[in-house]
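Thanks for coming. I will take a few minutes to walk through one structure, part by part.

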Amino acid sequence: MRKIAVVGGGMAGSAAARELSARGLQVVLIEKTKELGGNIREYGCKATEICTKCNLCLVDQILQEVQESKQIKKLYESKVRDLRGQAGHFTLTIERDGRLEDIEEVDQLILATGFTKWSQIEGGLPEVPPGTSRVLWASELEELLLERKDRGNIEDPLSLGYIPEKVVFLQCNGSRSIKERARFCSRVCCGYSFRMAMTLKKFYPELDASLFFIDLQTGGNIQDLSFRRLEQEGIGYMNCKPIKLKETESGLIITYEDRSTGKIEEVQVDLLILSEGMHPGAQNQFWAELCNFQLDDDGFLYPLEEGEESGIFLAGSITGPGSIADAVKSGKNAAYRIISRQGGDGNV
Amino acid sequence: MIVAEQKKLEEIVEMLKGDFKTLLISGCGTCVTVSLSGGEREVEAMAGLLNMHFSQAGRQVKIETNTIKRHCDFEFIDEAEEEFKNADLILSMACGVGVQHLVERFPEKVVVPALNTSFYGATTAIGEWQERCLGCGDCVLDKYGGVCPVARCSKSLLNGPCGGSQEGYCEVDPETDCGWELIFKRLQSINMLENVMEYDEPKNWQTFRDGGPRKMRNKEYGNG
Amino acid sequence: MEMYDVVFIGNSLQPSDLKSICVEPDMLLACKGELGNFTLRIQKEKETQEIKTRTVIINLLDIRESPLAEVPTWDELQEPEEPVIFLQDLKDLTPAQINGKGLELARDLAQKGKSVYYFYRSLRFNRRNDELYEKARRAGVVFYQYRNGDLEVKGSDGLICESPAMELELHGTIFLAPDLKPNMQLERLARIFNIRISPEGYLQVENVHLQPTYTGKRGVYALEGARNPAGRTDPDQEEAFTLAEIRSLLSNINPLTEEERVVDAEKCAFCYTCYRVCSHGALEPDWEEDAMKVLQIACQGCDTCLNVCPAGAISIEGREEKKKEANLKVFMCENSAATALQRLGKNGFSDLDIENVPCLGSLKKKDLLQHLQKSEDRVLVLGCFEEACKHLFGERWGDKSVKDIQKGLKALHFKEDRLTLLRLSPRMEKDLEKILSLWKEGNL
Amino acid sequence: MGEYLSLLEKRLDKGQFVVCSEMGPPIGAGLKTIKNKSAALLGYVDGVNVTDNQTAIVRMSSIAAAYMAKQEGLEMIIQVTTRDRNRIGLQSDILGASALGLHNALCLTGDHQCFGMDTGAKNVFDLDSVQLIKVVNDMVTKGVLLSGKEMKAPPYMFIGGAANPFADPFEMQMIKMEKKVKAGARFFQTQAIYNVDRFVEWMKEVRKRDLHKKAYILAGILPARSIKALKMMKEDIAGMDVPDELIERMEKAEDPEEEGVKVAVEIIDRVKKVEGVRGIHLMPVGWEKITPTIVEKAGFYPRPEVD
C-alpha cells in the first residue's frame, strides 16, 4: 500500500488526512508544532442565541478523528527539509528532535502549510499606542471567546475586566494596502468581525459596536453580510480606515475621515479590535523553490502543473486567503483527487 | 382522516381521580396516529407522565399501555381483549368513535377520553391539518370547482361571500382563507364561473347531523 | 439499465471522464433511491422513462433581473455610448461572482480606450476579483464608492451622485449589476428530492455543514443558481470540489453508520411524518411493504425519525435499550457537548449518567421520561445551537420533545428544573464544565 | 300597486333622495331608551333600521324594538340575520313583523358570533342572505312558504339587502349582489364609506350591470366620534376600508367630534352626486344623537312630505 504525506496539521491538512485514511490509505502527517489544528486551535465559538456560522463546528470532530486514527502517522515538531524523487516515489527529509530522517516511498504529497497572521508580521500596521490594553488583535479576542462562560450570572463573561460600552472593529489590517505589502482582500475578516460583534452584543447587550472597513465582504460560504444586515443587527459601520489612534485616560480616540462629509472626525471607544489579514506562510518561498511552484504577486503559491502530474497537491491557505470551510473544502478536494487517482484501490 | 388533539393534562388527571388499581392507556394506530395525537409515541409519553403523577400523589396505580390498529373495528379490539378486561379504567387515546366503540364492547368498563376529536382534515404541513369536509351527506363539490362552501366558509354560505371577506381572508380569523375567495379563484381558473352565477337553493340539511344520528348501510354488503 | 455517474439537472459541466447526462428540470418527475443508486423518472414528449445514476448535480441558472426596469444589466452589454457607467449594489450588495463579471467587462472596455466609470457601495472579492480590480484600475476605469442615498439614476442614461464630499452628474450608457432570484424550478426540485429549501428559496438552508455544495441528501449537490448567491464566491472551485468528490465516491460508497434503522411495516401508519422530518431525505415509501423504508446509504444516523414516528415503528436493529444508571442523567449531542467534553479531557463527573446521542432529534419523550420517574431524578439535555445542527433541523425535534414534557411537568405541578435543555458548541468546554458542576448541585 | 304599505318604498318610487338612519336596541327590556331615541329622530329621517343583535351581542329583538319605535311615528326597517334562526324561525318572524305593520326588512347573513360575547354559541346559517331574500320575496309575491305551503294572508315586505363595496373578491361580491336583486331585493344599504374613490369605482361596476336601475342604492355613512373609534373600525370591524389619511386628519383635529361630523358631511356631499345613489344610510354606532346634526348640516332637513 502506498503512503501519502501531508505537510501541515492545520485544518486543510487534517481534513485531507482524515479523508485519505477513511479510504484506507496510509497517511503520514507532518506538523511543525506539538498539536494539530494550526491557527484555529485558539478560536472560540461565536454563537449568540443561535449559530452565527463561524464554521468552527466543522473542525473538532475532524481533529479528534485524526488524533485517534491509527492509519495516520503523526509526526509532531517536525519540519520538512528536503524533497527528492518524483510522483510515486518521493523521499522526504524531515527534521525532528534535532535529527534528520527520511520518509521513503511517498506516493503523493499534500502541502497545507497555511498562512501567517498579520499580527505575527513584524511592523504590522496600524500603529497602536504602546502599552495599551484597549486594543486587541482579533486572535486575542478569539482566545477570550474560547474561554467564554455563558452560564452563572457573569457580568463580564469574557473577563475583559470592565463592561465595554463602545467597541470598534478595525478591518482591512494587512489587506488592501500596498504599504502593508498586501493589495489583496483577505475576505474572511468582515465575516468574523461581524460575528464577534454579534457575540459581544449578546454578552454586553448595551454595547455600541461598529465596523470600519474599505469594502464589506460576504459573511461566509452560506451567509450573506450586507449593509442592511448590519443595520438590522444594530451594528454601525464606516467606509474608511482611521488616520490615527490615541489613548487617553478615559478611552481610545480614533481619528478618521468621514467620507460622506469629507470631514475629519473623532470617536472615543473602550475597545478596538484589529482584524488580521491572511499573509503568505513563511515557508512558501521554500516550497516554491523545492517543488517548482510559482509564487504569485502576493506571495501565495500556485502550481505550474496539476497535482495529478507532479504528485504534489496544494490545500488550504497556502494558495491564498480563505475561511475554515474553504480549508476543509480544499483539504478534502486534494484527498479526493488522490483517492480517485488511485482508481479506488485504496480500499483495503 | 380524523384529526384530534390531546386534552390538557390537567383535565385528564381530573378524569383519573377515582379509585382504581390498573389503568390501561390505549392508543389507536390509524387516524390519531397520523394526526400525531394518540399513537404509540403519545401513549408511551402519557404513561411516563401519569406514572410520575401517581407516585407523587402516593397512589399505587399500575399503568399498562397498548396501541391497537383501529378502535373502530371490533376485530382489532378483540385481539387485545385480555388487556382491556384486566384494566380497572381505560384512558382512550382514540377518537370519539373509538371511545364509544370500546364502551360498547366492554359495557362493564369505564372508558375516558384523552383526546378532543376535532375534524376531518388533510395534512397541510408537518403537524398541521386543515378541515376540508363536514360530512354533510350531500356533496356539492362539483358545482364549486372542488372547494367546499359548506366546510370552508365560516358561515357555510352557498350563494357567495359575506361582506367580511378581506384580501382573501375570513372575518373570523385573519389567518383563515376565505372559502369563497378560494372558490372564486378556482372557478375563474377553470373557466367555470357560470356555476355560481345563478341562485342556489337552500340546502337540504337532512343528510347532515340535522337528520339525527346517521347510519349507513351498503346494500351490496349489508343485510338489507 | 445503464448507470450514469452523474445526472445534471439544468446545465451540464461536461466532465469527460464521468458518464453523465443532462436533464431539464421540468422534465424530471420523481426521484427514488439514494447515493450510488438513484432512479429518476423523466418525462420526454409525453413518454416517461427511467434513468439510473449514482449522483445528481442540480446546476440551474438564477433568474436575473434588472433592478430598474428601464436600465439594462451588464448581462445585456451592447455597443455603449461613452461614458460607460457600471453600477452595482443598488438594492442589495452584489455577490462576488457578479461583481467579477462587471470588473471584467469594465476592464475590457477601458482597455479599448473607452471612458468607464464604476459605481459601487462595496466591492466583493474572491480569488479572481483582486486581480480584476487591479487591472481595471490600471486600464483607467474610474471607481467611485457611493453611499446609500447619494446616488440617483435619471431615466435610462443619467446618473447623479451627490454627497457633501463631491457632486457628479453623468450622461452615458448605464449598465446595472443584475439582481439574482432563485430559479422557479427549485421549489419543485426540493420536493422531488425531498431536500430542505431555505426561506430565500435555495436548496441549501443556512447551516455550516452544507458547505460547499451539499444539500443534506447524500449524493445530491447544489451548484450555481441552486445555492444562495451570497455564498458563491468561487464557483470554479465549487465545481471542481463537487466533481472530485463524485470521482472519489464512484468506487466506494459506504454507509455512514454501522447500525441499520428499520421500519416495522406492521406498525407503520404510512403517515409520512418521518419522510417530512428527515433532513437527509433518507426515507422513502416501500409500496411492496406498504410502509416507509430507511435508505441505508442516505441515512446519516441522527435518529430523529425514531423519535418523531407516531407509531413507534422505527428502531435500530440489534440495539438494546439502555438501562437507567443514576439519578442524574445527561444526554449529550455527539456533535457539540460530547465533543466539548472530550476537549475538556478530564472526567470529574463520574456520578452523572452521561449518554451521548447522535443528535437532539433522537431524544424520545418516552426515554426522557424514563429517567424522571423517581422524585430525585433530573435530566439535563445538552445540544448544539440552533442552525448549527449537523443534521440541519434535528435539534428542533429534540427541543420539541423536551418542551412537550416540560409542559406536562408543569401541568402536573412538578418542579420545572427536573428537565433542562441547554445549548453549546464543541468549543465551549469551559462553559460545559461550569454547567455540569452547577447542575449537579442543583443550582444552574 | 294600490296603497303603499311601506312609506320608504313610496318615497323611493316617487323619486325622493332618502335619508335612513339606524337604531341599536337596548341590552335590556326597557322602553324608555327607544322612546327617547325615536323622538330625537322624528322628522329627520325617512326610515330607521333596528339592528338584529349586531356584532352578535344580545339585544332586544329587532322586531319588538321596531314595533315600539313605530308607535312613536317612525318608519321602521327591521333587520333579519340568518345567524341565529333557521328557515322556520325566519319565516315565522317575517309573518309576525308584517302583522305588526313593519313592512321594510333588511335581509342579512349577520356577523359571525366570534365578534360578540357569546363566542361559544352554535350558529345556524341554515339559509344565506340571498336565500333569505328569495324566501321572503316568495312569501310576499307568491304567497307561499319555502316548503310550498300557501298562505291565505301573505305578509308584505319591502325587501333590502346589504352590499359591501370594500369586501373581496370584488367580482364575486358583484355576482352575489346581482343574485340578491334577482332574488327580490329592492334596495341596498352599503357598508360605511370612508374611501369614496373606491366607492365610486364600485358604483361604476353597479351601473355597468344596471343594478342601480333594478334596486335603490343607499350609501352607508358612519360618522366617527373619535380617533379611537376610527382605528377600531379599521382594525376590528369586518369589511371596512378606512384610509390612513383620514386617521391622520382625525388625529390632527382639535375637536374630534366636530371633525367627525365634518368628514361625514363631506363624504355625503361626494356620494350623493354619484349616479345611481338614491339615498344615504346613517349608522352612527354609539353616537346616535348626532344624526339630526348631520342631516341638517348635509342640507337634508326638513324632510319633504310624501303624498
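Which residue in β4(B) does B:Leu24 stand opposite? Before I answer, some housekeeping. This is a predicted model, in which local features need pLDDT of at least 70, side-chain atom pairs count only at pLDDT 80 or more, and totals for chains, interfaces and linings use all residues. Residues are numbered from 1 along each chain as its sequence is written, while chains are lettered from A and ligands numbered from 1 in the order in which they are written.

Now the answer: B:Leu24 stands opposite B:Ile90. Strand β2 (residues 22–28) of chain B and strand β4 (residues 89–93) of chain B run parallel and are joined by five bridges. Strands here are DSSP runs of E, at least two residues, and helices are runs of H or I, at least four residues, both numbered from the N terminus. Two strands pair if DSSP finds at least two bridges between them.

These strands belong to an open sheet of four, in the order β3-β2-β4-β5 (chain B), with parallel pairing. At the edges are β3 (62–68) and β5 (110–113) of chain B, each of which pairs on one side only. From one strand to the next, the twist averages 25°. Angles run from 0 to 180 degrees between N-to-C directions, with axes as lines fitted to C-alpha atoms, for helices over the stretch in contact.

Two helices go with the sheet. Helix α3 (residues 40–56) of chain B lies across β2, β3 and β4 of chain B, at about 170° to β3(B). Helix α6 (residues 96–105) of chain B touches β2, β4 and β5 of chain B, and its direction makes about 175° with that of β5(B). Contact means that the C-beta atoms of two residues, placed from the backbone, lie within 7 Å.

Next, chain against chain. Where chains C and B meet, the contact takes 19 residues from chain C and 21 residues from chain B. On the chain C side, α8(C) gives the largest share, four residues. That side divides into 11 nonpolar, five polar and three charged residues. Nonpolar covers Ala, Val, Leu, Ile, Met, Phe, Trp, Tyr, Cys and Pro; charged covers Asp, Glu, Lys and Arg; the others, Gly among them, are polar. Chains A and D have no contact, and their closest C-alpha atoms lie 27 Å apart. Chains C and D have none either, with closest C-alpha atoms 25 Å apart.

Staying with chain C, helix α1 (residues 96–111) has 16 residues, of which 12 are buried. Buried means 20 or more other C-beta atoms within 10 Å of the residue's own, exposed means 12 or fewer, and partly exposed is in between, with C-beta atoms placed from the backbone. The buried residues of α1(C) pack against β7 (84–87), β8 (116–120), α2 (129–138) and α4 (235–250) of chain C. Just after α1(C), C:Gly113 takes a positive phi of about 90°.

Last, one residue of chain A. Is A:Leu207 exposed or partly exposed? A:Leu207 counts as partly exposed, because it has 19 C-beta neighbours inside 10 Å. A:Leu207 is in the loop between α4 (189–203) and β10 (208–212) of chain A. Leaving aside neighbours within four places in sequence, its contacts include A:Pro164 and A:Leu200.
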